[in-house]
Amino acid sequence: MPEICRNTWTIAKREFKGYFATPLAAVFLTIFVALTGAFTFRLGGFFDRGIADLNPFFQYHPWLYLFLVPAVAMRLWAEERKAGTIELLMTLPISPWEAILGKFLAAWAFIGVALLLTLPMWITVNVLGSPDNGVILVSYIGSFLMAGAFLAIGSAVSAATRNQVIAFIVAATICFLLVMAGLDLILNYVRGLVPGFLISAVASLSFLTHFDRITKGVVDLSSLVFYASLIVFALFANRVLVELKKAD
Amino acid sequence: MAVLIEAQGLKKRFGSIAAVDGISLTVRKGEVLGFLGPNGAGKSTTMKMITGFLEPDAGGVRIAGIDMFETPKAAKRKLGYLPEGAPAYGEMTAGDFLGFIAEIRGFDAGEAARRVGAAVEKAELAGVLGQRIETLSKGFKRRVAMAQAILHDPQVLVMDEPTDGLDPNQKHHVRQLIADMAADKAIIVSTHILEEVEAVCSRAIIINKGRIVADGTAEELMRRLPAHGAVAISLASDRVEALRGALGALPGIARIDTVGQANGNVRLRVVPKNGALKPHDVAELLRERAVAVEEIFAERGNLDEVFRQITTSDEAAHA
């Protein structure tokens, strides 16, 4: 195994286990599964619609991630800085990228576990009818990608502070703006201020716009590129912030 | 002996404050360098640059000949570091934590187990391996962090206040550990406790306001004190004149100071012109002249005084 993979893997393993060392994992997973269920059946009107699909389920994911993903991300760097372990981590023979990737991948895998725990939903809908399983699979992948983008932003914000509460609030706010950018509420407001081509630019920054397309089963390259580039960009910001802030 | 730590002209600013302002030092194999200075003098910042945690604004660091900022990974492999406050991942057990360090240091499973075993033995951690680090006492936490730093048997060891906050037994244990490892490593230890310098360090550097203000063995540093080599005498106050008369005959005495008075006794300090006075000669002379004294001993001064003198006179010079 090349060194970068081995080191990233070691960091990720430690970080992933770290989630389960505290009650955080159990609390998070329970809330995630409970809320996806509540949203799907209560707000989404899963049964009333009489359609065998998981749209009511996926449609609330951006709003769930808004609060739950920053909660997963907030500890990634803020805790290292608060406990002083960042000094230990950054003087081990690893590169900053290995640490950043390892931590990011661990948190992403943790959210993946949460998503896997909702698989009974998929089974349920197959028992009740015959849904388009391709769309559901793509939606799961889209949801996971979107969580990754939220997470990368949260990780970068976490590197900027040693206070987890601040990390949570700032990350949730940034994610909120990125989600809201696609709503008419915001777009109508912006429409009066800026020329038309900027409107579509703002709308295309929205998590919702891209996620809607994916949950309809439309996998276009632009949405994948959108999430992927957001992750890459946020991780670069993460790298810069770690470097800038580690001395404080 | 080979130079294992080499820092050249290190500088670091935080905003308008020059935390480290041109520090150069070398440590050879077998040396234990004591790193002293008041709080905020730049000790920790210097150590953070030597260990590659912070990048200096100017200057360079070589660990076992490897440039820290050109090839950081290779340099960090040669280095063990105990940061200030001995941080470790509190939610991990001591055993898991050391296992993680061994893995990230690139040891395969068998070798990792052997290394962890050896470090656990040295740091006497066997009883707490299964406990979470956050539940351990301060002394054990410190030992876990020490074990982490020495796990890969590094050529270079940097420890920021390794005995801070420990009880006397634990301090003794840590010093013993350092002394045992000293022969085949280059070690830097920062500390506030000056007795520690005499106990474990072969050389000491005192820094103040980001600069080196003194460099030498404990003995050399103490020679800087005016009181060094003086002879302290205490005797009944009515015999002071007789003593002054008697000592007038001895060459090489600069002056006789009165240091204090207690219980009818006067404490005097006989300050030599240069070099040390021999208490033996003074005692001999006093016996010949039949001047009875209560107490007579050679003053060495102590490092606390050296420290205070150097760091406060430096301040005055800068004011």
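## The six-stranded sheet of chain B

In chain B of this predicted model, six strands make up an open sheet with mixed pairing, in the order β6-β7-β8-β3-β9-β10; strands here are DSSP runs of E of at least two residues, helices are runs of H or I of at least four residues, and both are numbered from the N terminus. Two strands are said to pair if DSSP finds at least two bridges between them. The edges are taken by β6 and β10 (211–216) of chain B, each of which has a single partner strand, so one side of each is left without a neighbour in the sheet. From one strand to the next, the twist averages 15 degrees, where axes are lines fitted to C-alpha atoms (for helices over the stretch in contact) and angles run from 0 to 180 degrees between N-to-C directions.

Residues are numbered from 1 along each chain as its sequence is written, and chains are lettered from A and ligands numbered from 1 in the order in which they are written. Because the model is predicted, local features need pLDDT of at least 70 and side-chain atom pairs count only at pLDDT 80 or more, whereas totals for chains, interfaces and linings use all residues.

Strand β6 (residues 79–82) of chain B runs parallel to strand β7 (residues 156–160) of chain B, and four bridges join them. Within this pair, L79(B) has V156(B) as its bridge partner, while L82(B) stands opposite M159(B). In a regular strand the side chains alternate between the two faces of the sheet. In β6(B), L79(B) and Y81(B) point one way and G80(B) and L82(B) the other way, and all are buried; a residue is buried if 20 or more other C-beta atoms, placed from the backbone, lie within 10 Å of its own, exposed if 12 or fewer, and partly exposed in between.

Helix α5 (residues 138–150) of chain B lies across β6 and β7 of chain B and runs at about 165 degrees to β6(B). The C-alpha atoms of Q170(B) and K138(B), which are 32 residues apart along the chain, are separated by 9.9 Å.

## The four-stranded sheet of chain B

Another open sheet in chain B has four strands in the order β2-β1-β4-β5, with antiparallel pairing. Its edges are β2 (17–28) and β5 (66–67) of chain B, each with a single partner strand, so one side of each is left without a neighbour in the sheet. Strand β1 (residues 3–14) of chain B pairs with strand β4 (residues 58–63) of chain B in the antiparallel sense over five bridges, and E6(B) stands opposite R62(B) in β4(B). Helix α1 (residues 43–50) of chain B lies across β1, β2 and β4 of chain B, running at about 120 degrees to β1(B).

## Chain B as a whole

Chain B comes to 11 helices and 14 strands, and its C-alpha atoms fill a box of roughly 75 × 45 × 35 Å along the principal axes. Of its 319 residues, 41% count as buried. Among contacts in chain B with a separation of 6 or more, 69% are accounted for by residues 24 or more positions apart, two residues being in contact if their C-beta atoms, placed from the backbone, lie within 7 Å.

## A helix pair in chain A

In chain A, the axes of helix α2 (residues 24–43) and helix α5 (residues 61–73) come within 12 Å and cross at roughly 175 degrees. The helices α2(A) and α5(A) are therefore roughly antiparallel to each other, a term for angles over 145 degrees, while those under 35 count as roughly parallel, 65 to 115 as roughly perpendicular and the rest as oblique. On the α2(A) side, F28(A), F32(A), L35(A) and T36(A) meet L64(A), L68(A), A71(A) and V72(A) of α5(A). The residues of this contact divide into seven nonpolar, one polar and no charged, where Ala, Val, Leu, Ile, Met, Phe, Trp, Tyr, Cys and Pro count as nonpolar, Asp, Glu, Lys and Arg as charged, and the others, Gly among them, as polar.

## Nonpolar cores and the contact between the chains

The largest nonpolar core has 135 residues, of which A107(A), L151(A), A171(A), F97(B), L98(B) and A147(B) touch the most other members; such a core is a set of buried Ala, Val, Leu, Ile, Met, Phe, Trp, Tyr and Cys residues joined through C-beta atoms within 7 Å. A second, separate core of 10 residues includes V231(B), L235(B), L243(B) and L268(B).

Between the chains, 18 residues of chain A are in contact with 20 residues of chain B. On the chain A side, the elements giving two or more residues are α1 (3–21) and α7 (85–89) of chain A, and α1(A) provides the largest share, five residues. By class, this side of chain A has eight nonpolar, eight polar and two charged residues.
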